[in-house]
Amino acid sequence: PAIDFSKQPNDGYFLVARALAKLGVRHMFGVIGIPVTQLASAAQACGIRFISCRNEQAAGYAAAAAGFLTGVPGVLLTVSGPGVVHGIAGLSNAQVNCWPLVMISGSCEQNEVGKGAFQECDQLAAVGGHVKWAGQAATAADIPGTIAQAFQAAASGRPGAAYVDIPSNILMASVDDLAAVQQAEAAVAGPLSVPRPAPPAAGVAAAAQLLRGAQRPLLVVGKGAGYAQAEGPLRQLAEAAGLPFLATAMGRGVVPDDSPLCANAARSMALGQADVALVVGARLNWQLHFGEAPRWSSGIKFILLDVEPSEQDAAKSAVVLRGDAGTGATALLAALRQGQAADTPLLPGAAASGWRAGLQAKVAGARDKLAAKMARTAFPLDYHTTLRVVRDELNRLPKPAVVVSEGANTMDNARVLLEPVVAPRSRLDAGTWGTMGVGPGYAIAAAVVAPDRNVVAVEGDSAFGFSGMECETICRYNLPVCVVVMNNGGIYGGDRREQRLRELAAAGLAAAGVPTDPAPTDFVPQSKYHLLMEAFGGKGVAVATADELQAALRQALESRCPTLINVAIDPQAGVESGNVHAFNAPKGGS
Ligand code: ADP
Ligand code: MG
């Protein structure tokens, strides 16, 4: 039922809450305390669901994921001082992932600034390096306008993080003059509208020409395309043009993995041999090997479709299409069709080159190899066996689950093995920054914004540990989240101290003997993580075999009851740093 906003107080709390409600916010994540406790209640009075987490870091990850999943900036509420500092974890992660997030924090009283006030902190300075926009509401009447500006900044152009600071005396202040309230609230016209700009026609024509002439064209789908909800237009473009594609980890599912055009399993060949790559909603950063040789061919021509391309990426591209992924894909398909007879291929160069068939053959070979590896049932459990069981249970679901994965080996293996991804915005992981500890927050957000889907968080024991207390949040809101902890007793797995000493000795380097402390990578072996979920009334199960895992997971998915499955993984199954071990120092050196 509609809420009669005119019958509400006009204090700072309600001015914030009403502005959010009018902007279309339906969920808010955070941790309450002085001076924002009543702000959370005001939000609830305005019909916003407030998800109260156990620390601001997890709440910030949740809010950021909600922004990505819904397209409306996620909202994070924190207290002053330490709350802001913890919240910066979420703020910075959203900014680096190009996800829209607005963090709202209370700050100390204006007339106590500089006097050592309670939780005093120069919060605007603290958030400075991690946001697109930051501002303070210096009067109660400033609140709606400041919030509207933050939302606009977070969602327009390249999405990212924005920060709103509200001193505690302003939150408590009331605007008595009704005309002044109306005037202030006029700053929020209604639900946030995110622009979907079309790229300029001349660029689109140039891109179409380049693609037509390409022998080995490739589409790269990034998480920006997922955020843009460009699945309709991109799928149409790929299918109509017969354009092979690769998806980044969180760009998966925008064009479904089970398409014959999907080249994910032939990634090295696709990158290394493509002559023209249309990159949509992805940056040419470390994850795409900077767009450089040798992973890409040295003659590669990039067509970059991005709402706000960086200068470096634009400089690497033959054609830059500044615009929305969906609008741009539609325009590009229209340009490819322009003047073409209905029965001629839209990409004649590719049709004649055998590129598609070559990729398909490579994909088929890779899949056969993988199937052979996955057929084996290991005991103690390894990544392949565990993830095969998880995959098969996921693939039985009538509606695709949202799958979160993090942890070095867990995430790398899950990317390859948990397939196919057939729906957009169905995968969440450590992302551009490689942020570990995001999983529980992401899972909470997914369950809140997509209540009809199951959420499965496949977590390394290390990654899970960053925010394990969020099991209480999952239980309190009774969210259909199943956390699968891949428990190998440490970071990367077993104790490698002796191995490391042997490597040093082999290199002729000296070291003290084996330290008596546990290895820096070690945790308590066989930790009973499942008891954490039991502690809060959810279900906890410890499993050691494939059959036990399958039974526990099936029950979790069918019951939709908060569950933690603690999987005993062979401590020797993982490798240091997962598949980015090339980033480590050379063996033997320091
Ligand atoms: P990935 O990690 O999947 O490679 P990145 O995070 O590197 O993706 O890149 C996401 C890109 O998507 C950013 O450059 C961002 O500007 C862009 N982007 C965000 N929204 C849109 C949109 N609506 N249309 C096109 N590009 C977008
Ligand atoms: Mg581990």
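Helices H3 and H4 are roughly parallel to each other, a class that covers angles under 35 degrees, with over 145 counted as roughly antiparallel, 65 to 115 as roughly perpendicular and the rest as oblique. The model is predicted: local features need pLDDT of at least 70, side-chain atom pairs count only at pLDDT 80 or more, and totals for chains, interfaces and linings use all residues. Residues are numbered from 1 along each chain as its sequence is written, while chains are lettered from A and ligands numbered from 1 in the order in which they are written. Helices (H or I, at least four residues) and strands (E, at least two) are DSSP runs, numbered from the N terminus.

**Packing of H3 with H4**

- Two packed helices are described by the angle between their axes and the distance between the axes.
- For H3 (residues 56–70) and H4 (residues 82–97) the angle is about 30° and the axes are 7 Å apart; axes are lines fitted to C-alpha atoms, for helices over the stretch in contact, and angles run from 0 to 180 degrees between N-to-C directions.
- H3 and H4 cross in the right-handed sense, meaning that the near helix is turned clockwise from the far one, whereas a left-handed crossing has it turned anticlockwise, by less than a right angle.
- Residues of H3 that meet H4 include Glu56, Tyr61 and Gly67, and among those of H4 are His86, Leu91 and Asn97; contact requires C-beta atoms, placed from the backbone, within 7 Å.
- The contact of H3 with H4 has 7 nonpolar, 9 polar and 1 charged residues, where Ala, Val, Leu, Ile, Met, Phe, Trp, Tyr, Cys and Pro count as nonpolar, Asp, Glu, Lys and Arg as charged, and the others, Gly among them, as polar.

**Packing of H3 with H19**

- H3 also packs on H19 (residues 439–449), at an angle of about 45° and with the axes 7 Å apart.
- That angle makes H3 oblique to H19.
- The crossing of H3 and H19 is right-handed.
- From H3, Ala58, Ala62 and Leu69 are among the residues that meet H19, whose own contact residues include Tyr442, Ile444 and Val448.
- By class, the contact of H3 with H19 holds 14 nonpolar, 2 polar and no charged residues.

**The six-stranded sheet**

- Strands in the order E13-E12-E14-E15-E17-E16 form an open sheet of 6 strands with parallel pairing; two strands pair if DSSP finds at least two bridges between them.
- At the edges are E13 (427–429) and E16 (539–543), each of which pairs on one side only.
- From one strand to the next, the twist averages 15°.
- E16 pairs with E17 (residues 563–568) in the parallel sense over 5 bridges, and Val541 stands opposite Ile565 in E17.
- H18 (residues 408–417) lies across E12 (402–406), E13, E14 (455–460) and E15 (481–487), and runs at about 135° to E14.

**Backbone exceptions in loops**

- Most residues other than glycine have a negative phi, and most peptide bonds are trans.
- The Ala293 to Pro294 peptide bond is cis, with omega near 10°, and Pro294 lies in the loop between E9 (276–280) and E10 (301–306).
- His289, in the loop between E9 and E10, has a positive phi near 55°.
- His289 is partly exposed, with 13 other C-beta atoms within 10 Å; 20 or more would count as buried, 12 or fewer as exposed, and partly exposed lies in between, with C-beta atoms placed from the backbone.
- A cis peptide bond also runs from Glu419 to Pro420, with omega near 0°; Pro420 is in the loop between H18 and E13.
- Asn478, in the loop between H21 (470–476) and E15, has a positive phi of about 50°.
- Asn478 is partly exposed, with 13 other C-beta atoms within 10 Å.

Note on methods. Two residues are in contact if their C-beta atoms, placed from the backbone, lie within 7 Å.
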